[in-house]
Amino acid sequence: MASPTHYLFQVFRDGITFLACSQVEMPPLMAIEFLCRVADVLNDYLGGLNEDLIKDNFVIVYELLDEMIDNGFPLTTEPNILQDMIAPPNIVSKVLSVVTGSSSNVSDTLPGATASAVPWRTADAKYAQNEVYVDLVEQMDATINRDGALMKCEVYGQVKVNSHITGLPDLTLSFTNPSILDQVRFHPCVRFRQWESLQVLSFVPPDGQFKLMSYRVRKLKSTPIYVKPQLTSNGGTCRLNVMVGSRNDHGKIVDLVTVQFQLPSCILSADLTSNHGTVNILADKTCIWNIGRIPKDKAPSMSGTLVLETGLKRLHVFPTFRVGFKMMGVALSGLKIDKLDLKTVPYRFYKGFRAVSRAGEFEVRS
């Protein structure tokens, strides 16, 4: 947003608005990226984002902002480096601040990484057991119309790495099918030229957990589960039937399945039951069907009767069903890791790979 004297940039996360103000014109993505990093760092430090957490830890929030931006320029934004400078809040530090009256938890010495050529990595990391874990975390966004046709299906994914390696390692991560990736976004440690030429991730990792890259995979052909709603109304009542099932294309278990929808305002009462799971109707007319794990011997179904308000014969406003699920051990995009190699250090290391997929904005219209 531009005003006669300032430029304003905002990011909205979990009910909190992060606002940046600039007196000069600047690349908008720079300010937005910085605000996103501030939100991520606060979420890691405080264990969540809400107004009460920020008020209770205002001193730490102020100290973090003081280190993350200097004279209007982004400075230290890596979580692992910030944790060496500012200790995360805990019960012991809060008790000490009350007893001693000292609320500062800033280290007296700067981390070695602040003066090194690799500012995102601790300089003197040492481990008895060297290990690297790579997680593919994906969310599927899908829209299915009232005829059951798949209108949109895409995956937003992240490659998360947890690295505990002594010294200054140089890692190379490759995929078997990198051509399916779209809108890739990298951590600053990734050498972008090697990705452009060879489609390989070459990087010196930060110490600990970090997000190596994010990506999208578009125009997928199918979803792991199906939801088939049917509504028939006549004579002041509406009959609802919803069936859920697993396509089982990946051979993995679909777990934590939920179906949620908002009853139209014209509904006076609802009587809904299911042959698997539990059905709850909240005071604001939100209906939540908790299915859990889809059984192999039967397809879960929910059915019941909705009573319309007086004078209304048929239902004219149809609900949209929001679906949630989780699948372990599979990346719904089809992305597969080929290998992870370690250079520049002489010793062996343990590596592990894992994938998890869940529903994002998954909607079924009726």
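Lys and Arg count as positive and Asp and Glu as negative, while His and the chain ends are not counted. The place of a charge is NZ of Lys, CZ of Arg, CG of Asp or CD of Glu. On that basis the chain carries 37 positive and 36 negative side chains. The centres of the two sets are 11 Å apart.

This is a predicted model, in which local features need pLDDT of at least 70, side-chain atom pairs count only at pLDDT 80 or more, and totals for chains, interfaces and linings use all residues. Residues are numbered from 1 along each chain as its sequence is written, and side-chain values use heavy atoms, with hydrogens and water left out.

Now the build. The chain has six helices and 20 strands. Both are DSSP runs numbered from the N terminus: helices are H or I with at least four residues, strands E with at least two. The C-alpha atoms fill a box of roughly 75 × 50 × 50 Å along the principal axes. Of the 366 residues, 42% are buried (under 20% relative accessible area; exposed is over 50%, partly exposed in between, with a 1.4 Å probe and protein chains only). Take contacts (heavy atoms within 4.5 Å) between residues at least 6 apart in sequence: 70% join residues at least 24 apart.

Next, two loops. D14 sits between β1 (7–13) and β2 (16–22). Its phi is positive, about 50 degrees, although D14 is not a glycine. D14 is exposed, at 57% relative accessible area. K219 lies in the loop between β10 (208–217) and β11 (225–234). K219 is also not a glycine, and its phi is positive, near 55 degrees. K219 is exposed, with a relative accessible area of 73%.
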